[in-house]
Amino acid sequence: MMYDPVSPFGRSFLNRSGSKLRVRSRSRVRLGMAASALLMNGLFLFATCAGDVMVVEDGRARAVICAPARVLAADDAAISVEEPRRPPAEAEFRRQQLRKAIEDLARCLKKMSGAQVEIVPGPPLPEAGPLPLCVGELAEQVFGPPAKSAPYRQGFRVVVSPRGIGLMGESDLAASYAVYELLDRLGCRWFMPTEMGECIPELKSVTLPEMDFSSAPGTIYRGIWYADDDYKRRNRLGGLVLAASHALDSYLSPQQLEKHLEWIAVVQGKPAPPAIKWTRPEIADALAEHLIDSIGRTGVRSLSLSPEDTVSFDESEDPRFDAGDIDPILGTASVTDRLMVLCNRVADRVTAKYPDTLFGMIAYVNYTRAPVREKVHPSLVPVIAPITYSRAHPITDDGEPNNRAFRALIEGWGKAARMIGCYFYGYNLAEMAAPNPMITKWSVDVPYILRHGCQFFQPETSTNFESSMHALYLGPRLAWEPQRNPQEIIDDLHARFYGHAAKEMGAYWHFIDDAWVKTPEYSGAGHGYIRRFTPEVMKKARELLNAGMQAARGTLEKARVTLAHEAFSQFELYMKMRYDLNEGRWGKLDSEAERWIGKHHALAERYRPQCAFTARTYGAGGIWGSDNGVDFFVQYYKGTYDDAARIARFYNVLNPQPLRRWRYQADADRKGEALGWSKPDFDDRPWKETDVAAETWSTLGYHNTFGRMWYRASVPIPSAGPGRKTFLWIGATDGSARVFLNGVHVPFTGARGQKADEFAGFCQPASFDITAAVKADAANQITILCERVACNEIGVGGLLAPVAVYAEKP
C-alpha cells in the first residue's frame with residue numbers, strides 16, 4: 001500500500017496499481033454540501049474492495065479490541081501526573097494517554113456505526129472469534145515492531161491484515177499515535193475542544209484496506225498552550241517537552257547574590273538583582289552546579305537557559321562580548337553572542353555528567369538574531385520567538401519591512417544549531433478581538449521554519465478558538481506531517497466542521513484572512529485596524545457570515561456558525577467604538593466599553609470549555625491581569641474612551657470634528673526646534689500629511705524608527721467664553737508629546753498638579769491647558785513634538801488617536 005496525501009475529505013489509500021481504496025459504507029457520510037458534490041461527481045466512493053478487512057458490518061461489531069492489561073489498569077494513585085516531565089510521572093501519564101486512546105477508539109467506532117466494539121485485556125484467544133484489533137505490545141507480538149524509529153521513541157505502525165489489526169509504537173505514546181492514525185484515516189477530526197469540535201462520520205459498516213504503514217511525527221514536540229487533554233491527545237500533540245521559559249535568573253539564590261555582589265547585572269547605572277551577568281566563568285559554574293543538582297533530584301533533562309522577559313541586561317562587563325551586530329528593529333546591539341558565551345559554558349559542564357540533556361533558549365527581543373561569532377552548543381536548542389517581527393503577513397511578503405531579516409535569522413539559527421524550536425504567536429499579538437484565522441500566514445510560515453531545522457513546535461497561543469481555530473489546528477497538523485498541503489487541511493476543516501455551511505463559512509474565513517494579508521499595514525496590536533477593517537470590509541464580512549448562518553443545518557452546525565457570529569458581533573462593537581472615537585461620537589464610549597467588557601466576560605464563561613474568548617489562566621493558576629481576558633483592550637483603548645466620554649459629558653468640544661489630519665516631519669537629527677518647526681509662521685507646506693487616527697508610523701514608512709516626529713496643523717478655535725479654561729486633548733500617544741500653541745510651549749500638568757515639559761505615556765490620553773496661549777475666534781497653529789524612545793509595540797509611534805480642543809462649560 002502507498003499513502004495518498006492529497007485527498008479532499010480524509011486520506012485515501014493507493015494499492016500498487018494506483019487505484020484508490022476507500023472506507024466501506026452503506027450509508028452516506030455526512031460531510032455537508034461540499035462532500036455531497038464530490039459524491040455526486042463520483043470522486044468519493046465507498047465500495048468493498050478485494051483485500052478489505054471488516055471491523056463493523058451493518059451496525060454489528062466484527063472485531064474486538066485487545067489491549068495490554070497494564071494499560072487498561074486504573075490510575076496509579078501513588079504517582080502524580082501533574083508534572084509529567086519527571087520520569088515516573090511521565091511513564092504513568094503516557095500509559096494513561098494510551099488507555100484513553102483505546103477508549104476513544106471504541107467510542108468513535110460506536111458513534112460511527114452504532115456498534116459496541118468490546119475492549120478486552122490481554123491477547124486474543126487462540127480459537128476463531130472476532131477479528132483481533134491489537135494495541136501496544138500485543139500488536140508487536142503478532143506483527144513485529146514499527147519499521148521506523150524516531151527521537152523520544154515516537155515511531156509507530158499500523159497493520160491491517162485478514163488475521164487482525166495491529167496498532168503499535170516504540171512507546172505507549174507512539175502506540176496512541178497509531179490509534180489516532182487509524183481514526184484519522186476513518187475521517188475522525190477534532191477541530192476545537194469538546195464535542196463542538198468533534199467530527200465523526202456516520203458509517204453503518206466500517207472496513208479498512210490491507211496495509212502495513214510505519215511512520216513518525218515530523219517534529220519531536222508539538223503543542224499549544226490552551227486546550228483540554230482530550231483535544232491535545234486526539235490531535236497527537238506532545239512529545240519531548242523542551243523547557244524554554246524565562247528562568248535563567250531564578251537559578252541563583254538571593255543568598256548567592258548577596259555573597260557575590262559582583263555577579264549582579266548593572267542596568268541604567270545601578271545593580272539590578274536578580275538579573276545576573278552572563279560572561280563571568282564563575283557564574284556559569286554556579287548555574288551548572290544548580291542544574292546538575294536539579295537533574296539528580298528530578299531526573300528531568302530538559303532545562304531552560306532563557307533570560308528573564310526584558311530587554312535590559314548588564315551594561316558594565318558583558319558588552320565587551322557583543323559581536324557588533326545591531327538589531328534593526330530595536331535599534332540596539334544584539335546581545336546574542338554574549339548570551340551564547342554563558343549558555344555554551346553551562347552546557348559544557350552539565351553534559352559532561354548528563355550527556356543527553358537538552359537546553360532550551362528562547363531567541364527573543366534583542367537576542368532574536370543568530371550569533372555572529374560564537375558557536376551553538378549541540379545540546380542547545382534556540383527557540384525562535386519573533387515578538388518584534390511580522391504579526392499578520394506571511395514571512396515571504398517583502399512588503400513587510402522586516403521579513404527579509406526574519407527569514408535571515410531563521411536561516412542563521414538553522415545553520416548554527418543542530419535543531420531549533422518555534423515559538424510563533426498563535427494570535428495577533430496584543431489584540432485578540434478581531435477574527436484572525438491566520439490561514440495564509442501559517443500556511444507559509446510553519447512550513448518555512450520546519451524546512452530550516454525546527455523540531456520543537458511550541459507556539460505561544462491563547463484561548464482564542466473562536467477567532468483563530470484554523471491556525472491552532474493547522475500549525476500542529478503541519479508540524480505532525482510537514483509534507484501536507486495546507487490548503488487541503490483548511491478545506492477539510494471547512495467541509496467537516498461546517499457541513500452544509502462549508503462553502504459560505506469558507507468564503508467568510510478566507511475573506512477575513514485576505515483582510516489581514518492583503519492590507520499593507522504592518523503595525524502590531526489593533527493600531528492598523530482602521531485601514532484593515534474598513535466599514536466596507538465589515539459590511540461584506542457580515543453578509544458572508546449571515547449567508548453561513550442561513551446555510552447551517554442541524555444543532556451542531558448552527559452552534560459552530562453561531563460561535564463565529566458571536567465573535568464577529570463582539571468585534572463589530574469593538575470597531576464601532578473605534579469609528580465613534582475618530583468621528584467625534586464620544587458621549588457613550590465609556591458605557592459601550594463597559595458593555596463590551598461585560599459581554600466578553602459572559603462569552604468567555606459560556607465558551608470556557610471550548611477555550612474561547614480569552615477565558616484563560618496564565619502561569620500557575622492565576623488570571624492574567626485583573627480584567628480577566630480583556631487586558632489588551634483595557635491597556636490600549638479604555639483609558640481613551642473613558643476620557644473622551646468625560647469630555648463630551650462635562651465640557652464643550654470646540655472643534656466640530658476631531659483633529660485627524662496633520663502635516664508631519666521626522667527629525668532624526670533633532671534639529672527641528674532650532675530650525676523653527678514650532679513657530680507659527682514656519683512654512684510646513686512641503687511636509688506630507690497623515691491621518692493620525694488611521695495611519696501608523698509603519699504606514700508612513702517609519703516602521704522601525706525611534707526618535708522624534710513633528711506634527712503641525714492650523715485650526716480655527718471659537719471662543720470658550722469669559723473666564724473659562726480651554727484645553728488641548730491628545731487621545732493617545734506612543735512616547736512623549738510636547739505641545740506648542742502659536743509658538744508658545746505649553747507645559748503638561750498631571751493629575752496631581754505636577755508640571756512637566758511634556759506628557760509621556762503609551763495609549764493613554766493627555767490634556768494640556770492652553771488658555772493662556774489660545775487665540776479666540778481665530779486660526780491657531782498647533783505643533784506637537786512626539787518622541788518614541790522604546791518599543792511598546794511594533795510599527796507605531798507618536799500620535800495614535802485624534803486630537804481635540806475643549807473648554808469648560810458655563
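Biologist: Which residue has a backbone oxygen that lies 2.6 Å from a polar atom of the side chain of T351?

Modeller: Please keep in mind that this is a predicted model. T351 belongs to helix α9, which covers residues 336–353. A polar atom of the T351 side chain lies 2.6 Å from a backbone oxygen, and that oxygen belongs to A347.

Biologist: Is T351 buried or exposed?

Modeller: A residue counts as buried when its relative accessible area is under 20%. The relative accessible area of T351 is 14%, so T351 is buried.

Biologist: Which residues does T351 touch, not counting residues up to four places away in sequence?

Modeller: Contact here requires heavy atoms within 4.5 Å. With residues up to four places away in sequence left out, T351 touches T357, F359, H377 and S379.

Biologist: How far apart in space are T351 and I292, C-alpha to C-alpha?

Modeller: Along the sequence, T351 and I292 are 59 residues apart. In space, their C-alpha to C-alpha distance is 9.0 Å.

Biologist: Where is T614, and why does T614 count as buried?

Modeller: T614 is placed in the loop between α18 (589–606) and α19 (631–650). The cut-off for buried is a relative accessible area under 20%. T614 counts as buried because its relative accessibility is 3%.

Biologist: Which side chain is joined to the side chain of T614 by a polar contact of 3.0 Å?

Modeller: A polar contact needs a pair of N or O atoms within 3.5 Å. The contact of 3.0 Å joins the side chain of T614 to that of H600.

Biologist: What is the phi of R153, and what is the phi of A525?

Modeller: Most residues other than glycine have a negative phi. R153, in the loop between α4 (137–143) and β9 (156–161), has a positive phi. A525, in the loop between α14 (502–517) and α15 (529–532), also has a positive phi. For R153 the value is near 55°, and for A525 it is near 55°.

Biologist: What is the omega of the peptide bond that joins P273 and P274?

Modeller: Most peptide bonds are trans. P274 is found in strand β18, residues 270–276. The bond that joins P273 and P274 is cis, with an omega of about 5°.

Technical notes. Residues numbered from 1 in each chain as written. Predicted model: local features only at pLDDT ≥ 70, side-chain atom pairs only at ≥ 80, totals over all residues. Heavy atoms only, no water. Helix = DSSP H or I, 4+ residues; strand = E, 2+ residues; numbered from the N terminus. Buried < 20%, exposed > 50% of the residue type's maximum accessible area, 1.4 Å probe, protein only. Polar contact = N/O pair within 3.5 Å; in protein donor to acceptor, adjacent residues only side chain to side chain.
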